[in-house]
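Dear colleague,

Please find below the structure that I am handing over to you, together with its sequence. My findings follow directly after it.

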Amino acid sequence: MSVKTIRGNLLFWKISGVFASLLLVLALVFVLIGSRFSKSYYMAAHQQLYGDIAGHLASFTQPIKNGKPDTTVTHDIIHATMVANPSVEVYLLDTLGKITDYVVPQATVQMNKVDMAKVREWLAADSSKRPLGDNPKHPDEASIFSVAPVFENGKVAGYVYAVLASEKQKEILGSLNDDLYFRLAVYIFFAALLGAFVVGVVTFFLITDSICSIAGVVKTFKDGDYSARIRGYAKGNLGVLTSTFNDMADVIVDNIEKITAADRFRQELIANVSHDLRTPLSIMQGYVETLMIKGDSLSHAETERYLSIVHEGTKRLSGLVDQLFQYSKLEANVVTPQKELFPIGELVSDILSAYQLKATERSIRLTLEAPTVLPTIFADIALTERVFQNLLDNAFKFTPDGGQISVALLELGNGVRVRVTDTGVGIAKEYQEQIFERYKQADLHIASSKGIGLGLAIVRKILELHQSSIEVLSEPGKGAIFEFFLQSGFYPIVVPNSNK
């Protein structure tokens, strides 16, 4: 990546700005901490270097005679000491801490007595743990000091009290510290800028390299390789981006598969509907044209037969359209079950009565097996009736003349177990799951069974709306058994008739 690209990249300057600000804040904190510790270090060092100056003055001079300061002797020595070390200010104290003499301008002294508790604490403390004491020129400011007792005739006559941090020292150190802090701030500022630039460049390249890798995977996915996934960035913000993209890619692939499947099913539906609608329409068209052309020459019996065929065709078309309409509503999830309590036995009995004529015409034995008392069912009556109708239509399709179809109702736990049995051609195991899929039919080699394959798919959809499922048990040549469960309303009723 070129320098020109870096100059024009907002992300780089944001990163560099953040690091520069952080380093400058750290530099400021460092200067403040450094100044504080340098002051403490200086005070400790000065205490160690000049802590015994009061003891030397008390030993080599006799500043107090007859209980009073000997100014003729001590002033010259004390003044010479303060000239040699401008940071020292010397005072004489009596035994109670009252200042009796000093060699400084009188107007600058603000106290006439120092705290003797600090003096005694200083004399008793180790050299590395000596306390701060009073500064006669600055009553509110504690200072490092040195103190030593002055003995006369074997008794303490007073004290030499030396302040080790004078105003002169503060002026000198203040000017030096200002220059030190300025240079230190300048050095740290430019060091922070350089560090921020280096860190910004490195971070920018690391981030952009990762982003470029991720962008490459995204482009590969966009170009049609739906197996492309981001690898190797499992942590941090890039980890969130990685997992989000991978999850999104999985969802997109799943949606594509669903759309592809839906399109394939749509094509199958069109093919099936075209075939199933074309056949009865062609038959109806042929007979209607015959009636129109030869209407006057046909006998009454032939006319009735042709009209009967046309009527049967319209019924079949009506049934196909009804199935398509019903399944499309179920597939779109726009059907809401209107559940209520009803006697399952009476419903099944009425449905079988409607199919009895058809069964008689084909010599099929149609029966209902149920106990006298059954619990009421909590379900949608119309949808439940559609389930039984579709199962019976399916049974009639595949049961040969002279066969048997039975419906059994069995109380089980908190509901009723329903079993629909026929003696038809049966269903091979590999087809048993397919028969519940939309537009699918098992290859049962029966011409009369041709249709668009929505009957059992509608049954399963309706039962799913009732939180139930359907099972099939069958073998080729041995008929089929369909079973499902309906929730009870817990109110037993009496079945009017157990056999038909």
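**Findings**

Strand E11 (residues 373-379) is largely enclosed by the rest of the structure, because five of its seven residues are buried. Buried here denotes under 20% relative accessible area, exposed over 50%, and partly exposed the range in between, with a 1.4 Å probe and protein chains only. Helices (H or I, at least four residues) and strands (E, at least two) are DSSP runs, numbered from the N terminus.

Please note that this is a predicted model: local features need pLDDT of at least 70, side-chain atom pairs count only at pLDDT 80 or more, and totals for chains, interfaces and linings use all residues. Residues are numbered from 1 along each chain as its sequence is written, and side-chain values use heavy atoms, with hydrogens and water left out.

E11 is joined to strand E9 (residues 340-342) by three bridges, and the two run antiparallel. Within this pair, leucine 341 stands opposite phenylalanine 378 in E11. Strands are taken to pair if DSSP finds at least two bridges between them.

**The chain as a whole**

The protein chain has 11 helices and 15 strands. Of its 500 residues, 38% count as buried. Among contacts between residues at least 6 apart in sequence, 68% join residues at least 24 apart, where contact means heavy atoms within 4.5 Å.

**Nonpolar cores**

In soluble globular proteins, nonpolar side chains tend to be buried together. A nonpolar core is defined as a set of buried Ala, Val, Leu, Ile, Met, Phe, Trp, Tyr and Cys residues joined through side-chain atoms within 4.5 Å. The largest one in this model has 47 residues, and those with the most contacts inside it are Ile344, Leu391, Val407, Leu409, Val418, Phe482 and Phe484. A second, separate core of 16 residues includes Ile53, Ala54, Ile64 and Ala165. Once its neighbours within four places in sequence are left aside, phenylalanine 484 touches Val387, Phe388, Leu391, Val416, Arg417, Val418, Leu463, Ser468, Ser469 and Ile470.

**Helix packing**

Two packed helices are described by the angle between their axes and the distance between the axes. The axes are lines fitted to C-alpha atoms, for helices over the stretch in contact, and angles run from 0 to 180 degrees between N-to-C directions.

Helix H9 (residues 344-361) and helix H10 (residues 381-398) have axes that come within 11 Å and cross at roughly 35°. Their crossing is right-handed; the term applies if the near helix is turned clockwise from the far one by less than a right angle, and left-handed if anticlockwise. On the H9 side the contact includes Ile344, Leu347 and Ile351, and on the H10 side Ile381, Phe388 and Leu392. By class, this contact has 11 nonpolar, two polar and three charged residues. For these classes, Ala, Val, Leu, Ile, Met, Phe, Trp, Tyr, Cys and Pro count as nonpolar, Asp, Glu, Lys and Arg as charged, and the others, Gly among them, as polar.

Helix H8 (residues 300-331) packs against H11 at an angle of about 35°, with the axes 10 Å apart. This crossing is left-handed. The residues that make the contact include Tyr327 and Leu330 of H8, and Ala457, Ile458 and Ile462 of H11. The contact divides into six nonpolar, three polar and two charged residues. Within H11, the buried residues include Gly455, Leu456, Val459 and Leu463.

**A four-stranded sheet**

An open sheet of four strands has the order E4-E3-E8-E7, with antiparallel pairing. Strand E4 (99-102) and E7 stand at the edges with a single partner strand each, so one side of each is left without a neighbour in the sheet. From one strand to the next, the twist averages 25°. E7 and E8 are joined by eight bridges, and glutamate 152 stands opposite lysine 155 in E8. Helix H3 (residues 53-60) lies across strand E3 (89-93), E7 and E8 at about 20° to E7, whereas helix H5 (residues 116-124) lies across E7 and E8 at about 90° to E7.

**Positive phi values**

Asparagine 153, in the loop between strand E7 (145-152) and strand E8 (155-163), has a positive phi of about 60° although it is not a glycine. Asparagine 153 is exposed, with a relative accessible area of 78%. Glutamine 467, in the loop between helix H11 (455-465) and strand E14 (470-474), likewise has a positive phi, of about 55°. Glutamine 467 counts as exposed at 65% relative accessibility.

With kind regards
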